[in-house]
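We will walk from one selection to the next.

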Amino acid sequence: EPVAKYGTLDVTFDYDSQEQKLLVTVTAVTDIPTYSRTGGSSWQVHLVLLPIKKQRAKTSIQRGPCPVFTETFKFNHVESEMIGNYAVRFRLYSVRRMKKERIVGEKIFYLTKLNLQGKMSVPVILEPSYSLSGCDSQMSMSEVSCSESTSSCQSLVHGSAPEILVGLLYNATTGRLSAEVIKGSHFKNLAANRPPNTYVKLTLLNSMGQEMSKCKTSIRRGQPNPVYKETFVFQVALFQLSDVTLILSVYNKRSMKRKEMIGWISLGLNSSGEDELNHWTEMKESKGQQVCRWHTLLES
């Protein structure tokens, strides 16, 4: 069967590191799914700068199977040294008279891929959206196509509590559980005023609480909002999946002294909270799609 298309945006990025501003030009959309499936022949593209979501934009509404927009939008205060923490989410909507607009496809474009000076034109290939209408779900900061989870409206409206973004995927055929440590937010150095050197340790326990497997990420130095993007694979048979617990512990590695724990969460059998349990359940129901969620760390 041919792969379902959700639209391809023709986009130009122009980043000015001096002014710390990003210009995004949406030129046109191609590969739009057939009208019967989207129920509209008028289209609009919405843009939002992640993770803060304060800066938003949308194109005018254009008709036809290959709408042309050629509209440029400006996003301010995009610091070049923090560029890896930013992304632009594109969403294509079909707009129908008298009816609610309907999301057709979306894509999160990570600014790590940008030229830090000068223009860059790229096709942004949209993917199906998993978020409920009216729910502005969290950004999925993964290179993998991260389905945006449905009940995650609350996330990324951060206070200053440390949080971690985790992607889970389970393949029932191979019995492989993949846990991706994507990024952290508001990690603090408890003893000093400088940003911490952090790593994340993953421990898989059986139903008796015995350790089955453990691993850890590499260290990210001096970053309160570190990006890890490291994936770990555990062998867990389908019949075991409801009986295991995955613990993620975030540590600050201090020189000469003992490491100190910034916080932890657990997922699976002994989940540390409702959000963690829901994330695990969603992973089991998502049939091999990665599910990404922010979680607030518990203090040790």
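Predicted model: local features only at pLDDT ≥ 70, side-chain atom pairs only at ≥ 80, totals over all residues.

Residues are numbered from 1 along each chain as its sequence is written, and side-chain values use heavy atoms, with hydrogens and water left out.

**Thr198**

Select Thr198, which lies in strand S13, residues 198–205. Helices (H or I, at least four residues) and strands (E, at least two) are DSSP runs, numbered from the N terminus. Is Thr198 buried or exposed? Thr198 is buried, at a relative accessible area of 0%; buried means under 20%, exposed over 50% and partly exposed in between, with a 1.4 Å probe and protein chains only. Now show contacts (heavy atoms within 4.5 Å). Beyond its neighbours within four places in sequence, Thr198 touches residues including Phe187, Ile219, Val250 and Ile262.

**Strand S15**

Follow Tyr228 into strand S15, residues 227–235. Its covered face carries Tyr228, Glu230, Phe232 and Phe234, while Val227, Lys229, Thr231, Val233 and Gln235 make up the uncovered face. DSSP must find at least two bridges for strands to pair. To see one of them, pick Ser178 and its bridge partner in S15, Val233.

**Helix H2**

Next, select helix H2, residues 274–285. Its 12 residues reach 16 Å from first C-alpha to last, close to the 16 Å expected at 1.5 Å a residue. Colour Glu276, His279, Trp280, Glu282 and Met283, which are buried. Looking down the axis of H2, you will find these buried residues within an arc of 160 degrees, so they line one face of the helix. Glu274 and Glu285 are exposed on the other side of H2. Show what covers the buried residues: among the elements there are strands S11, S12, S16, S17 and S18. After H2 comes Lys287, with a positive phi near 50 degrees.

**Arg194**

Finish in the loop between S12 and S13, where Arg194 sits. Arg194 is exposed, with a relative accessible area of 56%. Draw a distance from Arg194 to Pro224: the C-alpha atoms are 9.0 Å apart, with 30 residues of separation in sequence.

Notes. Expected span 1.5 Å × (residues − 1). Arc of directions from axis to C-beta.
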